[in-house]
Amino acid sequence: MIVSDLSPSGAGRWGGAVRPFLIAQALQKLGCSVEILGFGGEGNPELVSSPKLPIYSFPARPYPGFLESSRQLCRAIQGDLVYAYKLKPSSFGLACLYKRWTRKPLFLDIDDWEMSWHGGDTWRYSPNPKQLLRDIVKRDGALRQPDHPFYLQKIESWVKLADVVTTHNQFLRSRFSGYYIPNGKDVTLFDPKLYSPEASRQRYGLANYRVLMFPGAPRPYKGVEDVLEALEQLNEPDLRLVIVGGSPYDDYDTQLKKRWGKWIIQLPKTPVAHMPAVIAAAHVVVVPQQNEPAAQAQFPLKLTDGMAMAKPILATQVGDIPLILGETGYLVAPSAPDQLASQIQHIFSHWEEATDRGLAARDRCTTHYSLDAMATQLANIFAETHLNRD
């Protein structure tokens with residue numbers, strides 16, 4: 001597997017609990033040997049290479065240094081099949097070149113619409129000659145970045161070079177075609193029977209609160225502000241929004257605390273092995289995505305965190321969230337704090353019903369969104385494309 005970014009702000013966060021590592025675990029369940037190669041993970045304590053899953057990291061450098069890093073990575077590839085994670089030059093671009101040299105099969109996994117971070121299809125790179133020269137020649141020139149939007153936009157036309165394309169939601173599948181493989185959860189690790197909610201709340205200082213938990217990195221499109229607005233409306237002193245970790249990208253956490261600090265409790269970033277104990281402390285897991293392209297193109301991992309732990313889920317009708325939850329959660333319109341407030345009241349005043357929905361969510365996660373389910377879907381792709389372990 002070729003991963004463009006193994007840094008703490010990329011696929012190297014959360015101790016390997018993100019998409020490429022989930023695919024790797026699913027492939028291992030099929031008896032495949034998997035190696036992960038990527039850029040920028042040197043010294044990242046979140047990444048632990050092991051005999052079971054070797055991880056090789058190469059320097060993340062701008063052009064022209066990126067060419068040497070790319071050469072080193074390509075020379076290290078030993079697999080019979082290359083699986084590129086993300087539609088980026090620094091992963092899929094290299095994999096396409098490697099396929100041209102070796103004729104080995106190439107899979108591409110698309111888990112984000114990369115251009116959604118830059119304005120989508122309306123983005124244009126239109127520099128004047130002087131700016132173009134600066135972008136190419138200066139040490140910090142924009143075009144010296146391997147994954148500049150100019151390159152991201154161009155590489156979308158390369159998707160047809162992949163033998164197989166996989167995605168994790170219908171938005172991406174509609175845009176790029178391919179096979180639908182939703183993210184799998186390790187439901188043996190995320191097992192509510194192994195944890196006491198009361199003990200977890202005591203452990204993390206939450207015993208006096210009704211806990212709404214957002215177990216991820218807040219960003220504006222993730223709708224955390226809407227939950228905080230709802231808490232402001234309700235103004236019930238024992239309600240808190242617990243954020244686990246925080247944003248590795250900017251000072252958004254600080255902005256939230258400055259405005260709504262009385263309603264926020266922030267727990268430190270937690271290794272994936274300890275996340276089930278943290279989520280056990282939640283009364284409700286909230287996934288309040290806003291209706292923006294960046295959110296539509298995502299499969300929120302925090303959703304299946306809560307489902308696997310049999311928690312009542314309060315989420316918005318954005319992207320694949322209604323499909324994933326089915327009838328096992330509570331859904332409201334995006335950007336609707338008043339609806340969130342109403343549902344929060346309903347959940348706590350109908351706790352037996354909410355508990356039953358949480359248990360149903362656990363069953364649904366085990367059936368459709370587990371690592372075993374993910375492995376089965378990959379096995380079906382191998383069989384359909386006549387690419388098997390032999």
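**View 1. A nonpolar surface patch built from L132, L133, I136 and V137.** In this predicted model, these four residues make a patch of about 360 Å². To join a patch, residues need over 30% relative accessible area and no salt bridge; nonpolar side chains (Val, Leu, Ile, Met, Phe, Trp, Tyr) are joined within 5 Å, like charges within 9 Å. A salt bridge here is a side-chain nitrogen of Lys or Arg within 4 Å of a carboxyl oxygen of Asp or Glu. Areas come from the Shrake-Rupley method with a 1.4 Å probe, and for residues only the protein chains shown count as cover. V137 sits in helix α4 (residues 129–137). With a relative accessible area of 55%, V137 is exposed (exposed is over 50%, buried under 20%, partly exposed in between).

**View 2. S370, in the loop between α15 and α16.** The helices on either side span 351–368 and 371–385; helices are DSSP runs of H or I, at least four residues, and strands are runs of E, at least two, numbered from the N terminus. S370 counts as buried because its relative accessibility is 5%. Setting aside neighbours within four places in sequence, S370 touches G184, K185, V187 and C365 (contact means heavy atoms within 4.5 Å).

**View 3. A84 in strand β4 (residues 82–85).** A84 is buried, at 0% relative accessible area. Beyond neighbours within four places in sequence, its contacts include I2, F92, L106 and D109.

**Notes.** Residues are numbered from 1 along each chain as its sequence is written. Local features need pLDDT of at least 70, side-chain atom pairs count only at pLDDT 80 or more, totals for chains, interfaces and linings use all residues, and side-chain values use heavy atoms, leaving out hydrogens and water.

Methods: Buried < 20%, exposed > 50% of the residue type's maximum accessible area, 1.4 Å probe, protein only.
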